[in-house]
Amino acid sequence: MKKLISICVPMYNEAENIDAFYKQLTTTIRPLTQKYDFEFLFINDGSIDHSVKKVKALTLADARVKLLDLSRNYGKEIAMAAGFDYCLGDAVITMDADLQHPPKVILEMVEQWEAGYLDVYGKRNERKGESFLKKKMSEIYYKLLVKFSKVEVLPGVGDYRLLDRVCIDSIRKMKETQRYTKGLYMWIGFRKKEVNFDAEERFAGETKWKFMDLLKLGIDGLTSNTTFPLKIAGILGGILSFSSMLYMVYILITTLIYGTSVPGYPTLVTLILLLGGFQLISLGIMGEYLGKIFHETKNRPLYFVQEYTGKKIELEKIQLSQRFAKTESV
């Protein structure tokens, strides 16, 4: 029997891109179809345009196309987790539907997979269509993440990658709700290989990632991979305490030599604001971690599925696999 390769495509309001994406994808993988079977799993993350209608039309024309329709918008991280749960392939390729991930790279990914690598990730050489400010902020963020993270972080590497089934099964065992999948890829280990590509501009439409979404993702990345922010409070507290002791000695000496001085209102206000700001920052950092603990202790399901267009026998296989994974984790 041929091995099966699943292509997981999380989507949110990508109706303008789906037809062009499907056409390029099927054209690219045609040389591989003699050796491999394929399934194209589109994960609808609460789209409010005609994305679902477009994919359903493809399911009628191509039996390889499947739709996993989530009950609402959960975010890309959860959508990818759902895709990992429902894909059936011996290898899984995750990519975006906006054609920023060029399908031609799949050929090289599969080649490296055949060579024995279990995680073949795409690394962006160039990011077309992005502003200088966004690129610079991304560069600074990854430098911070690399410096403080306990798990290796790969700058310029996103979600475009091929994962062997052993990697998928490993990630599926980690059910945390506050997910940072890029960190999970590195945490599980396994043999990895880099494939370089130039990220294209969006084929159509606008990016769904707003500034606050990117900021939240960045905070999740930092707090999911390192506890260093929690140490900042202790470090700054020690510095401020030492500085206060030096200042106290200075005041004591000047008082003994020159006598009591007039109380300095500006100095007092400055110190109060400095200490107050430091305390609020410390509470905010601790609150971020406590918030993650709060959400994890609820132990809610990651998502709910509204519709799955795969065959009944496939769904039964998925459900059996999920029950087995849950039992194994317990």
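Q: Which residues of helix 2 (residues 51-61) are buried?

A: In this predicted model, the buried residues of helix 2 are Ser 51, Val 52, Val 55, Leu 58 and Thr 59. Seen down the axis of helix 2, these buried residues fall within an arc of 120°, so they line one face of the helix.

Q: Which residues are exposed on the other side of helix 2?

A: A residue counts as exposed when its relative accessible area is over 50%, and on that other side of helix 2 the exposed residues are Lys 53, Leu 60 and Ala 61.

Q: How many cavities of 30 Å³ or more does the structure hold?

A: There are two cavities of 30 Å³ or more, and the second largest cavity has a volume of about 30 Å³.

Q: Which residues line the second largest cavity, and which helices supply them?

A: The lining consists of Ala 81, Phe 84, Asp 85, Ile 171, Arg 172, Met 174, Lys 175, Arg 179 and Leu 302. Helix 3 (76-86) and helix 6 (165-172) each supply at least two residues of this lining, and helix 3 gives the most, with three residues.

Q: How does the lining of the second largest cavity divide by class?

A: Five of the lining residues of the second largest cavity are nonpolar and four are charged, while no polar residue is found among them.

Methods:
Residues numbered from 1 in each chain as written. Predicted model: local features only at pLDDT ≥ 70, side-chain atom pairs only at ≥ 80, totals over all residues. Heavy atoms only, no water. Buried < 20%, exposed > 50% of the residue type's maximum accessible area, 1.4 Å probe, protein only. Helix = DSSP H or I, 4+ residues; strand = E, 2+ residues; numbered from the N terminus. Arc of directions from axis to C-beta. 1 Å grid on protein atoms, 1.4 Å probe; cavity = no way out; pocket = protein on both sides within 12 Å on 5 of 7 lines; lining within 4 Å. Points joined across faces, edges and corners; volume = space filled by probe spheres on them. Nonpolar A, V, L, I, M, F, W, Y, C, P; charged D, E, K, R; others polar.
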